[in-house]
Amino acid sequence: MPTRLHKNRKKRGHVSAGHGRIGKHRKHPGGRGKAGGQHHHRILMDKYHPGYFGKIGMRQFHVLRNRTFTPTMNLDKLFNVAGEGVYEAAKAGGGKAPVINLVEKGYFKLLGGGQISVPVIVKAKYFSKLAEQKIKEAGGACLLVA
């Protein structure tokens, strides 16, 4: 930007250039960056950032996140995930229940929310008690997959 367009041009000839005579415009009067969060800026930190300082809980040294990775889904979404035609095949029956492998679809655990009225064979790593109960009542089966 050319000098003639700078805001400072308007302040030429005015002694303090908008920064006041008494306080003076000094370099970093409150400290640089986040300085003083526990001292002279404490009120601001407590008001707008509660819980910023300190620790909570226990340390876990070697966190292996994939051991706790368990994407879940409810029974009522089972046929949405299974794909086209699976519900129709289950409803038609004919002595064969369709197999739905949830691990291939990206879900590890099946929960018991919702209803199921057709027999299906579901493969997953984990089943809740309620999900297993509902699938078996509908005439299906739960198979555990590693």
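Guide: Two strands pair if DSSP finds at least two bridges between them. Strands (E, at least two residues) and helices (H or I, at least four) are DSSP runs, numbered from the N terminus. Residues are numbered from 1 along each chain as its sequence is written. This is a predicted model: local features need pLDDT of at least 70, side-chain atom pairs count only at pLDDT 80 or more, totals for chains, interfaces and linings use all residues, and side-chain values use heavy atoms, with hydrogens and water left out.

Take the sheet with the order 1-3-5. It is open, has three strands, and its pairing is parallel. Strand 1 (72-74) and strand 5 (126-127) stand at its edges. Each has a single partner strand, so one side of each has no neighbour in the sheet. Strand 1 runs parallel to strand 3 (residues 109-111), and three bridges join them.

Three bridges join it to strand 4 (residues 121-124), and the two run parallel. Asn 101 sits in strand 2, which spans residues 99-101. Its bridge partner in strand 4 is Lys 123. Asn 101 counts as buried because its relative accessible area is 17%. The cut-offs: buried is under 20%, exposed is over 50%, and partly exposed is in between (1.4 Å probe, protein chains only). A polar atom of the Asn 101 side chain lies 3.1 Å from the backbone nitrogen of Val 103.

Next comes the nonpolar core. Such a core is a set of buried Ala, Val, Leu, Ile, Met, Phe, Trp, Tyr and Cys residues joined through side-chain atoms within 4.5 Å. The largest one has 20 residues; among those with the most contacts inside it are Ile 100, Leu 110 and Val 122. Helix 2 (78-82), helix 3 (86-92), strand 4 and helix 5 (129-137) each supply at least two of its residues. Helix 2 gives the most, with three.

Look at Leu 110. Its contacts (heavy atoms within 4.5 Å) include Asn 74, Leu 102, Val 122 and Phe 127, leaving aside residues up to four places away in sequence.

Ala 89 is partly exposed, at 35% relative accessible area. It touches Lys 96 and Pro 98, again not counting residues up to four places away in sequence.

End at helix 5. There the side chains of Glu 132 and Lys 136 meet in a salt bridge (3.0 Å, N to O). A salt bridge is a side-chain nitrogen of Lys or Arg within 4 Å of a carboxyl oxygen of Asp or Glu. The two residues are four apart in helix 5, so about one helical turn separates them. Glu 132 is partly exposed at 29% relative accessibility, and Lys 136 is partly exposed at 48%.

Key. A polar contact is a pair of N or O atoms within 3.5 Å; within protein, one must be able to donate a hydrogen and the other to accept it, and residues adjacent in sequence count only if both atoms are side-chain atoms.
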